[in-house]
Amino acid sequence: MAPLSLLLLLAMLMPSHSTTHPQDVQALKQLKRTISPSTIPPSSCISSWDFSLDPCDSLFSAKFTCGLRCDASSNSDSNSTLRVTDISLDPAGYSAPLSSIPFSSLPFLQTLDLSSNNFSGPIPSSLSLLPLLRRLSLSRNSLSGPIPPSLSSLSLLQQLYLDNNLLTDSIPPLNLPNLNRLELQSNQLTASLPDLTLLPNLNFLDASDNSLSGALPSSLPPSLIELVARNNQFDGEIPSIEAPSLQVLDLSHNKLTGSVPASFFTHPNLEQLTLSFNQLESVETPADSGLTSPLISVDLSNNRVRGFLPGFMGLMPRLSALSLENNELTGPIPIEYAMKVLGSGLGSGSAQFERLLLGGNYLFGAIPGGFLDLKAGSLTVRLGDNCLYRCPLRYFFCEGGVQKSFEQCRALGPFVP
């Protein structure tokens with residue numbers, strides 16, 4: 001028989017039995033009770049939660065298969081007490097008023113993900129009592145009412161997903177110094193964008209498919225890489241946007257007027273520019289003719305742009321997709337476009353056009369000769385519905401050979417047949 005001292009030593013070295021903090025257990029029980037039983041499928045995470053066992057001690061077992069993570073906390077009452085740090089529910093269609101869930105009783109939460117369910121009602125202010133929260137995802141639910149300004153108290157928050165709900169009113173100023181991703185798309189938000197410089201580390205913002213209006217801000221977080229705000233009611237002219245890290249800008253389906261700023265074509269990092277379905281009337285020519293532009297894709301279709309095709313775009317070294325469809329552009333197709341389509345005369349490392357959409361304008365003159373050798377499927381070119389001299393059916397880029405009538409072409413202004 002082993003000496004008593006040896007047994008005591010072994011007992012001291014063996015890990016003690018871990019248990020979930022009682023406050024967290026009660027909060028988890030309340031969460032399960034709050035959810036309508038008829039919306040808890042038999043194979044779901046919540047269905048497996050059996051509180052006859054300790055939650056944190058039974059993770060990934062048959063009783064707590066998913067939805068939770070726990071960790072020891074230096075602030076816990078005991079080294080053997082675990083705190084719930086992550087609640088990520090499966091998209092099972094759970095239904096409950098969000099304000100009935102006792103979030104403030106889970107102060108060690110770092111991740112809360114309830115996305116793709118049917119939680120309803122307003123976003124509760126109790127969420128602001130989670131000081132360690134880094135990721136909050138409430139996407140694709142039925143939440144309503146305004147975004148609470150109290151979320152600004154979540155100073156460690158890095159990702160905030162509120163998209164695809166029924167949220168209303170204006171977006172409050174959110175002073176979140178660590179936030180890098182903000183998704184607000186597909187709600188019913190109104191008014192103008194708030195001061196985004198309060199989010200100094202923001203990388204990604206999607207505010208599309210709302211009813212946001214007013215002028216666009218000229219000052220954006222210097223860290224911003226992607227801004228998507230399509231399908232809103234923004235109006236006025238596009239400012240010269242100060243955002244040196246910006247790579248993707250989508251402001252399509254708004255009411256923007258005036259010119260496309262030349263600064264977009266000299267921006268050091270911008271790769272994708274989408275301004276289609278606005279009321280823009282002209283394109284400013286950059287001083288360097290776009291020769292230093294990193295733009296890969298430009299979409300200015302479905303505006304009111306007049307004048308000749310902007311020839312400098314055929315000189316932009318990385319541009320491979322250009323859409324100027326359905327504007328009021330006139331004149332012949334520039335030689336720069338033809339060379340970029342054919343890939344001839346391009347500098348080292350320069351891209352040729354893989355997609356060139358010029359249909360629905362008032363372009364006239366002959367089709368560049370090299371176009372006639374293009375094979376269907378080699379690249380996408382559309383020249384239909386213009387004023388071009390002979391665009392036969394046999395050429396795929398003529399889109400059936402249909403061009404505007406002589407009267408339609410003359411109606412725009414001076415016309416050279």
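This is a predicted model: local features need pLDDT of at least 70, side-chain atom pairs count only at pLDDT 80 or more; totals for chains, interfaces and linings use all residues.
**Close-up 1. S276 sits in a loop between two strands.** The strands on either side are β19 (272-274) and β20 (279-283). Is S276 buried or exposed? With a relative accessibility of 5%, S276 counts as buried, because the cut-off for that label is under 20%. Leaving aside residues up to four places away in sequence, S276 touches S252 and H253, and also D299, L300, S301, N302 and N303.

**Close-up 2. S301 has its own loop, between β21 (297-299) and β22 (306-308).** What does the side chain of S301 make a polar contact with? The partner is the side chain of N302, at 3.4 Å. Again not counting residues up to four places away in sequence, S301 touches S276 and F277, along with S323, L324, E325 and N327.

**Close-up 3. F371, Y395, F396 and F397 make up one aromatic cluster.** The structure holds 7 aromatic pairs. Take F371 and F397: their ring centres are 5.9 Å apart and their planes meet at 80°, so this pair is edge-to-face. Where do the two residues come from? F371 belongs to the loop between β26 (362-366) and β27 (380-382), while F397 belongs to the loop between β28 (387-389) and α5 (406-412). The pair therefore ties together parts that are 26 residues apart in sequence. F371 is buried, with a relative accessible area of 0%, and F397 is buried with a value of 0%. F397 also pairs with F396: here the ring centres are 5.3 Å apart and the planes are at 70°, so this pair is edge-to-face as well. F396 itself is partly exposed, with a relative accessible area of 26%.

**Close-up 4. R181 lies over the face of F204.** How far is R181 from the ring centre? The distance is 3.8 Å.

Conventions
Residues are numbered from 1 along each chain as its sequence is written. Side-chain values use heavy atoms; hydrogens and water are left out. Helices (H or I, at least four residues) and strands (E, at least two) are DSSP runs, numbered from the N terminus. Buried means under 20% relative accessible area, exposed over 50%, partly exposed in between (1.4 Å probe, protein chains only). Contact means heavy atoms within 4.5 Å. Rings of Phe, Tyr and Trp (its six-membered ring) pair if their centres lie within 6.5 Å; planes under 30 degrees apart count as stacked, over 60 as edge-to-face and the rest as tilted. A charge sits over a ring if NZ of Lys or CZ of Arg is within 6 Å of the ring centre and within 35 degrees of the ring normal. A polar contact is a pair of N or O atoms within 3.5 Å; within protein, one must be able to donate a hydrogen and the other to accept it, and residues adjacent in sequence count only if both atoms are side-chain atoms.
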